Amino acid sequence: MKFIDEYQNSELARKLAQRIATHSTRPISLMEFCGGHTHAIMRYGIRQLVPQTIEMRSGPGCPVCVTATADLDKAIALAHLPGIIITTFGDIVRVPGSYSSLQQAKAQGADIRIVYSTMDAVEIARENTENSVIFIGIGFETTAPTIAASLIKAQQEDIQNFYVLSLLKLTPPVMKALLDLGEVKLDGIIGPGHVSVIIGSHPYNFISADYGVACVISGFEPLDILLCLDKLVEQIQTGQPQVEIAYPRGVKPEGNTKALELMNEVFAIDAANWRGIGIVSQSGLKINDKYHQFDAEQAFSHLLPPDMPVREPKGCRCGDILRGVALPGDCKLFGTVCTPERPVGPCMVSSEGACAAYYQYQSV
Amino acid sequence: MCLAIPVRVVSIEGDEAETEIAGVRRRVSIMLTPQVNVGNYVLLHTGYAIGIVDEAEAKETLKLLEEIASLSEVH
Amino acid sequence: MKDAMTDTILLAHGSGGKLSHELVQSKFLPFLANPILDKLDDSAIFEASGRLAFTTDSYVVNPIFFPGGDIGKLAICGTVNDLAMSGAKPLYLSLSAIIEEGFPLSELEQIIKSIKAAAEEAEVNIVAGDTKVVNQKQADKLFINTSGIGIVPDGVDISGANAKAGDKVILSGTIGDHGIAIMSQREGLRFSVPVESDCAPLNKLVAQMLEASSRIHCLRDPTRGGLATTLSEFARQSNVGIVIQEDKIPIKEGVRAACELLGFDPIHVANEGKLVAIVEPSDADNVLAQMRQNHYGRDASIIGEVTNDYPGKVIMKTRLGPSRIVDMLSGELLPRIC
């Protein structure tokens with residue numbers, strides 16, 4: 001497969017790993033902010049390839065994991081409203097909310113359909129005009145433009161029964177929030193590859209400028225990640241932190257201007273509720289006035305029963321893991337009470353969650 | 001949610017394109033990359049092309065990787 | 001003049017009366033006829049002696065027609081293979097169908113033809129059958145159950161608990177074909193793959209393997225849950241470790257690409273025409289050579305070996321070098337694929 005296989009060359013990987021080992025002479029702490037990176041790092045055994053001086057922690061990069069329980073409860077409540085079809089990406093259906101899950105709601109008769117694209121959700125709306133179709137909009141800046149595109153399409157076609165519950169979140173603000181929290185002393189950040197395809201590299205400038213932390217944007221193949229680590233080590237060892245693109249075949253400094261234009265057309269920036277962190281101002285996207293007729297929040301909130309108290313899963317350290325303060329193995333429930341079959345928290349459910357990645361790709 | 005994977009544009013119809021990777025064909029939206037041409041590779045994420053793969057940069061990266069690799073021989 | 005109603009299954013087809021008999025006579029018997037079935041008695045009577053193997057499986061695959069096969073072919077191959085994996089020579093099958101009212105007769109005929117073809121290839125007879133019809137929406141088009149009886153030759157002792165340190169692990173061919181072929185037909189996915197289901201009867205392949213070696217310790221077909229689940233089962237049942245090499249696992253490029261697209265790990269994707277064998281090391285090369293002579297084993301390869309280290313676990317040495325633990329499939333990858 002072109003643009004994939006060449007970046008999996010094991011000989012080059014070995015040599016790159018050797019070089020990193022030679023240059024990395026003191027302990028450094030890195031964090032990735034992308035669930036896809038968490039997954040790739042585990043899948044390819046990157047930790048085993050790089051020296052012990054490099055400590056890697058996962059950040060809040062898994063969109064399903066950072067969705068607050070209260071928001072998930074809302075999605076489940078919407079599923080039970082009469083005439084509603086819920087469309088969603090797969091991972092979220094198994095995450096336990098305070099009292100139920102989308103999967104349980106489905107077993108109880110709610111119409112919940114897993115889709116691979118917002119295009120499919122809009123198609124379901126076209127085919128089921130007697131129902132209201134709500135898309136659960138979970139994701140970061142990689143997914144936000146796709147949701148924007150689907151709403152623009154829906155408006156062009158005057159589709160009256162399609163709605164989005166926007167739970168979209170933004171990456172640079174949460175990076176800033178974590179750096180401000182200062183719980184983990186970070187030397188470098190592995191920048192999210194596909195978020196950056198959309199937003200470019202400029203939004204990360206504050207990381208090196210204001211916090212002195214290195215930031216290198218990485219692709220997802222093993223050689224991409226190793227190249228990123230090599231550049232991070234170099235920056236950190238020479239004491240010259242900056243924002244660098246190690247994935248230039250995908251990321252331009254200015255990002256994808258068309259995608260950003262569509263996002264601006266449809267969304268407005270708002271505060272967002274992040275699991276494990278709480279409310280972070282200006283870190284989420286809500287549907288703006290121009291597209292308000294597609295906002296599930298506006299259309300249906302008044303029909304929901306009064307909020308039941310939010311219950312977080314007992315003993316679950318998902319929040320700590322998302323802030324990089326704990327590793328999955330530090331959670332007492334990991335692998336014993338909390339497994340992919342019987343997940344307690346979202347980090348074990350989502351394919352991009354740290355716990356799921358650690359569980360699936362346990363190193364020997 | 002899946003990562004974005006590079007697929008080749010085979011044909012374009014309006015704001016959609018037929019793409020291909022190793023014989024697997026997928027219809028995608030190019031609303032986010034309207035400037036794409038047949039023969040380009042795009043990054044596919046949840047049914048949308050989110051960016052066009054810069055093939056020149058791809059080559060450069062591979063060259064860089066090979067250079068770095070040959071340097072570490074010296075060590 | 002043909003009535004539209006007679007083109008589809010009616011509730012009356014399942015009631016046991018005239019229409020039921022007509023259905024059996026006109027749709028099933030012409031294709032599946034054999035001396036035992038033709039008697040149409042309440043039970044099939046036959047003689048069989050030796051160690052008998054007996055198995056059953058139900059098939060609810062969605063969609064019922066897919067590239068490379070259909071639910072009928074699957075229903076025969078799946079049960080034939082379960083018998084074959086015990087080392088048994090498959091003899092007789094039963095066939096039960098639960099059909100949704102309104103199901104097109106033409107599709108039923110197509111499926112029965114597939115059943116006939118698969119049964120002929122496997123050289124088994126269907127000697128007992130049943131048909132029920134349920135109201136619309138009470139079954140999704142068609143569900144099939146097949147049960148099978150076979151005879152295990154003397155001296156054959158195959159079990160998931162028999163693996164021993166040093167044994168070689170042989171995989172009969174490319175993984176993930178069936179699961180990906182099914183996924184490509186799911187609505188809303190809009191992708192087509194240059195891949196067909198590998199659905200196939202493996203009893204003759206197994207017979208050849210048993211002739212090549214009397215020391216085949218384990219045999220299983222990696223259906224739901226894929227290769228990883230089957231190997232994990234062996235590791236746990238035999239309380240041994242199994243170490244495999246990622247780069248020795250045969251996989252079609254199209255399957256690899258589809259898995260990347262969908263975010264699946266090919267080692268968890270279902271197969272319906274493949275087997276994993278755990279074989280005494282000195283016999284492994286011979287068994288492999290025999291397998292490669294058979295169409296269904298043409299891509300067979302030795303992918304690893306059994307060890308006393310890491311009991312109960314499966315370790316995969318990845319392409320890049322580091323090893324990782326491989327586990328059974330967790331949760332659902334592909335709903336209703338067999």
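Me: Which residue in β4(A) stands opposite A:T88?
Reply: A:I114 is the residue opposite A:T88. The model is predicted, and local features need pLDDT of at least 70, side-chain atom pairs pLDDT 80 or more, while totals for chains, interfaces and linings use all residues. Residues are numbered from 1 along each chain as its sequence is written, with chains lettered from A and ligands numbered from 1 in the order written.

Me: How many bridges pair β3 with β4 in chain A, and in which sense?
Reply: Four bridges, in the parallel sense, with β3(A) spanning residues 84-88. Two strands pair if DSSP finds at least two bridges between them.

Me: What order do the strands of that sheet take?
Reply: The order is β4-β3-β5-β6 in chain A, an open sheet of four strands with parallel pairing. β4 (111-114) and β6 (162-166) of chain A are at the edges with a single partner strand each, so one side of each has no neighbour in the sheet. On average, neighbouring strands are turned by 25 degrees against each other, direction ignored.

Me: Which strands does α6(A) touch in that sheet?
Reply: α6(A) packs on β3, β4, β5 (132-137) and β6 of chain A, and its direction makes about 165 degrees with that of β5(A). Such angles run from 0 to 180 degrees between N-to-C directions, using axes fitted to C-alpha atoms, for helices over the stretch in contact.

Me: At roughly what angle do α6 and α7 of chain A cross?
Reply: Roughly 30 degrees, and the axes of α6(A) (residues 118-127) and α7(A) (residues 144-156) come within 9 Å. That makes the two helices roughly parallel. The cut-offs are under 35 degrees for roughly parallel, over 145 for roughly antiparallel, 65 to 115 for roughly perpendicular, and oblique for the rest.

Me: Is the crossing left-handed or right-handed?
Reply: Right-handed. A crossing gets that name if the near helix is turned clockwise from the far one, and left-handed if anticlockwise by less than a right angle.

Me: Which residues meet there?
Reply: From α6(A), they are A:T118, A:M119, A:A121 and A:V122; from α7(A), A:T146, A:I147, A:S150, A:K153 and A:A154. By class, this contact has five nonpolar, three polar and one charged residues. Contact between two residues needs C-beta atoms, placed from the backbone, within 7 Å. Ala, Val, Leu, Ile, Met, Phe, Trp, Tyr, Cys and Pro count as nonpolar, Asp, Glu, Lys and Arg as charged, and the others, Gly among them, as polar.

Me: New topic, chain C. Which domains is chain C divided into?
Reply: Domain 1 (4-152) and domain 2 (168-326), with bounds from an automatic or database domain assignment. Their C-alpha centres lie 28 Å apart.

Me: How many residues of each domain are in contact with the other?
Reply: 21 residues of domain 1 of chain C contact 19 residues of domain 2 of chain C. On the domain 1 side, α3 (71-84), β4 (89-100) and α4 (105-122) of chain C each give two or more residues. α3(C) gives the most, eight residues. That side divides into 13 nonpolar, five polar and three charged residues.

Me: What order do the seven strands of the sheet in chain C take?
Reply: β9-β11-β7-β12-β10-β13-β14, an open sheet with mixed pairing. At the edges stand β9 (216-220) and β14 (323-326) of chain C, each with a single partner strand, so one side of each is left without a neighbour. The twist averages 25 degrees from one strand to the next.

Me: Which strands does helix α9 of chain C lie across?
Reply: α9(C) (residues 281-293) lies across β7 (168-171), β9, β11 (276-279) and β12 (301-307) of chain C, at about 15 degrees to β7(C).

Me: How do β13(C) and β14(C) run, parallel or antiparallel?
Reply: Antiparallel, joined by four bridges, where β13(C) is residues 314-317. C:I315 stands opposite C:I325, and C:V314 stands opposite C:V326. Five residues lie between the strands in this hairpin, and C:G321 takes a positive phi near 125 degrees.

Me: What is the bridge partner of C:I242 in β13(C)?
Reply: C:V314. β10(C) (residues 241-245) and β13(C) pair in the parallel sense over four bridges.
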